[in-house]
Amino acid sequence: MLADLIDINKYYNGRQILKNISLSVDERDRIGIVGVNGCGKTTLLRILTGKELPDRTTERDGIVSLSSRTSVGYLEQMSGLDGSNTVIEEMKGVFSELDRVMERMKELEGEMNSTAHIAPEISEEYSRLAAYYESNGGYNIKVRIRTILNGMGFSESEYDRVISGFSGGEKTRLAIAKLLLEEPNLLILDEPTNHLDFKTVLWLEDYLKDYKGALLIVSHDRYFLDKVVTSICEIELGQLHRYKGNYSAYTVLKAEDVKRRKREYEAQQKEIARLEDYVARNKARASTAASARSREKQLEKMEIIDRPIDVTNRPNIRFEYKLEPPFDILEVKDTDIAVGQGTEKKVLAEHITFELKRGEKLGIIGENGIGKSTFLKVLQGMLPHNGRVRWAANVKLSYFEQESRNLDPHNTIIDELHKHYPILTDLDVRSLLGRVGIKGENVFKQTGVVSGGERAKVCFALMMLEKGNVLILDEPTNHLDLEAKEAIEEALAEFEGTVIFVSHDRYLLNKIPDKILEIRSDGTEMFEGNFDFYLNVTEKRDKEQREVLEAAKAEKAKAEYMEKKERSFKSKQQRAEEAKRRSRMKELEDLIDKNEQKLAALQEELTHEDVCADFELMNQKCNEIQLIRTEIDQMMEEMIELDL
C-alpha cells in the first residue's frame with residue numbers, strides 16, 4: 001500500500017465538504033476521482049499531499065498515512081517549474097542526482113588512470129556508482145527526455161525557450177512532462193487534459209497505460225478516464241463511493257447502487273415510521289411502556305441512511321421539432337473557411353465538400369485555430385464565404401454558441417427567456433428552467449454573473465423552445481459538470497433530427513455522431529463512424545506511413561553502408577575489423593529480435609487475469625519489461641556506434 005486515508009473530514013465556512021472519507025491506494029491502482037464542481041475533489045488531493053490538513057475531532061480520524069517507499073508527484077496548474085530555466089534545463093534538473101554520480105565516476109576514473117596501483121576502496125566505490133547509474137537509467141537520460149518532450153508536444157526547436165515566456169497551457173504540458181520523467185510511484189494529476197490537443201492526450205493515455213506506479217486522477221474527460229483508470233471514486237454529498245472499472249462501467253454500477261441505496265433508505269424510513277408509531281401509541285400505557293422505551297433506544301442507536309441523490313434530479317433536456325425537412329438536407333461544395341477581410345483575409349481551410357442527410361449526426365474536429373467555430377457560422381450564412389452551402393426547404397436551424405454571446409448579460413435568466421418568448425408565463429419559464437437544472441432564486445440572477453455551465457443551460461432551454469429540426473452546436477459540453485454532460489448527450493442521442501457539432505469532448509464524439517469531419521489546413525476528410533472509428537483509421541494510416549518511411553530510411557542507410565564499405569576495404573586488417581563488426585551487428589540484431597519477442601510475450605501476460613490479480617507477479621513482469629527495454633536501448637545505441 002502506498003497511501004491510506006482514514007475518516008477524512010473538511011469544513012469550509014461551517015459547511016462540511018468531506019465526511020469521513022477513507023481511501024487506500026495500492027501500488028498498481030489507477031483511480032479516477034469524479035464529482036460535481038465544488039464537491040471537494042481537489043481538496044482531497046491537497047490533503048493527501050499535505051498541502052492542506054484535515055479537520056480532526058479525535059486521534060483516530062483525519063489520518064493520512066504514506067508508506068516509507070512512497071514518492072508522490074502532484075500536478076497542479078503550472079506547478080513545480082522554474083521560470084528562469086529553459087525547457088531542456090528544467091528537464092535535465094530531474095536527473096541532477098545522476099549527474100552528480102557521473103561527475104564522481106569521472107573523478108574516480110581520473111584517479112584510476114593516474115596511478116598504476118588502484119586502491120580497493122576506489123574500485124569498490126566506482127563499481128557501486130556505475131551499477132547505480134546504470135540501474136537508474138543514467139545512460140538513457142537523453143532518450144527519455146526527448147521521448148517525453150516529443151510526446152507532450154515540444155519539438156527540439158523549443159528546448160532552449162525560457163519557461164517564463166510560455167502560456168499557461170504550455171506550462172501545464174511541461175509540468176506533466178517533468179512529472180513523467182521523475183517517475184513517482186504515486187502520480188496525482190488534477191485535470192491533466194485541460195490544455196492538451198487530441199494528439200498529446202492520446203500519447204499521454206498510451207504512456208499512462210504502461211506507467212509502473214499508481215495513478216490518482218481528477219478529470220472531467222470521460223474518454224480519458226475510460227482509457228486509463230480501473231476504478232472510479234465519486235465524491236457525492238461529502239462521501240466517497242468507489243466503483244470497479246472505468247468511467248463507462250461506473251455509470252452502470254452507480255445507477256444500480258443508487259437503486260439499492262434508495263431501497264435501503266425507503267425500507268429504513270418505513271421501519272422508523274413503524275417504531276415511532278408504536279412508541280407514540282404505547283409509551284403512556286403502563287403495560288407497554290417498557291417495550292416502547294426499548295423501541296426508543298432502538299431508534300436512537302439506528303444509523304440513519306442518507307437519502308440518495310435521485311438521478312432524475314439531473315437536467316432533463318429534450319429537443320423536439322414539428323417541421324419535417326426533406327431527406328437531402330445539406331450540400332456543401334468547395335467552401336472555404338477564412339477570417340478577416342480584403343488584404344487582411346486569411347484562409348484557414350478550403351475546398352470543404354460533403355453532404356448530409358436528414359437525421360444524421362456530424363461531429364467536426366480539427367486543430368485549435370483551424371476555423372471550426374467559423375465554419376459553423378458559415379453554414380448558417382452568418383459570414384461571407386466562397387463555394388456553395390445549400391440547405392433544403394423546411395429547415396429550421398437552432399444554434400448553440402459556446403460563449404453564449406446571444407444572451408444579454410444584464411438580463412436575469414427569467415427575463416432573458418421572456419425576451420425571446422414573451423407569451424410564456426412565469427410558471428412556464430420557471431418550469432422549463434427547472435428541467436434544465438436552474439431552480440429557485442437562481443432564475444433571478446443576471447446571465448452575465450452566473451457560471452458558464454448555467455449560461456449553457458439557459459441556451460439549451462432556448463433551443464428546446466425553438467424546436468429546430470437541425471441543431472448546430474459549438475462545444476456544447478465545455479462548461480458542464482458530468483451530470484449535465486450526460487443529460488445533453490442523452491438529449492442529442494434521442495433527437496430524431498439532424499445534428500452538427502464541434503467538440504473536443506471525445507466521449508461525446510464517440511457516443512453521438514455517425515460521421516466525423518476532420519478539418520485540416522490542407523483539406524478535409526469525412527470518416528463514416530464515431531471517434532473510435534476515426535482513431536482506428538488514422539492510426540492504421542500513420543502506421544503504414546511510418547513503415548514506408550522506415551523502409552526508405554533503411555534502404556538509404558543500406559546503400560550508404562555499402563558505399564562506405566567499398567571505400568573502406570583497403571587492407572586485410574580493415575577487412576578483419578569489418579568482419580568482426582558485421583558479426584557483432586548480426587549478433588545484436590538477433591538479440592534485439594529475441595528481446596522484442598520476450599517483450600511482446602510479457603506484455604501479453606499482463607492482460608491475463610491471473611497476473612492482474614497477483615500484485616507481486618504483476619510488479620515482477622513490469623520490472624522484467626523495463627529491464628528488457630533498457631537492454632534493447634543499449635543494444636540499439638551500440639549498433640548505431642558500430643555503424644558510424
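## A buried glutamate

Glu 489 has a relative accessibility of 1%, so it counts as buried (buried means under 20% relative accessible area, exposed over 50%, and partly exposed in between, with a 1.4 Å probe and protein chains only). Glu 489 belongs to helix α15, residues 482-494 (helices are DSSP runs of H or I with at least four residues, strands are runs of E with at least two, and both are numbered from the N terminus). Beyond its neighbours within four places in sequence, Glu 489 is in contact with Arg 222, Asp 505, Tyr 507, Leu 508, Lys 511 and Ile 512; contact means heavy atoms within 4.5 Å.

Before we go on, keep in mind that this is a predicted model, where local features need pLDDT of at least 70 and side-chain atom pairs count only at pLDDT 80 or more, while totals for chains, interfaces and linings use all residues. Residues are numbered from 1 along each chain as its sequence is written, and side-chain values use heavy atoms, leaving out hydrogens and water.

## The nonpolar cores

In soluble globular proteins, nonpolar side chains tend to be buried together. A nonpolar core here is a set of buried Ala, Val, Leu, Ile, Met, Phe, Trp, Tyr and Cys residues joined through side-chain atoms within 4.5 Å. The largest one has 99 residues, and Leu 208, Phe 319 and Phe 460 touch the most other members. Helix α14 (residues 452-466) is the top contributor to this core, with 8 residues. Apart from it lies another core, of 25 residues, including Ile 8 and Leu 44.

Which residues does Phe 319 contact, leaving aside its neighbours within four places in sequence? Among them are Phe 460, Met 463, Leu 471, Ile 488 and Phe 495.

## The cysteines

How many disulfides does the count come to? The total is 0 disulfides, where a disulfide is a pair of cysteine sulfur atoms within 2.5 Å. Take Cys 39: the closest cysteine sulfur, in Cys 233, is 12 Å from its own, so the two are too far apart for a bond. Cys 39 is also buried, with a relative accessible area of 9%. Cys 622 counts as buried too, at 8% relative accessibility.
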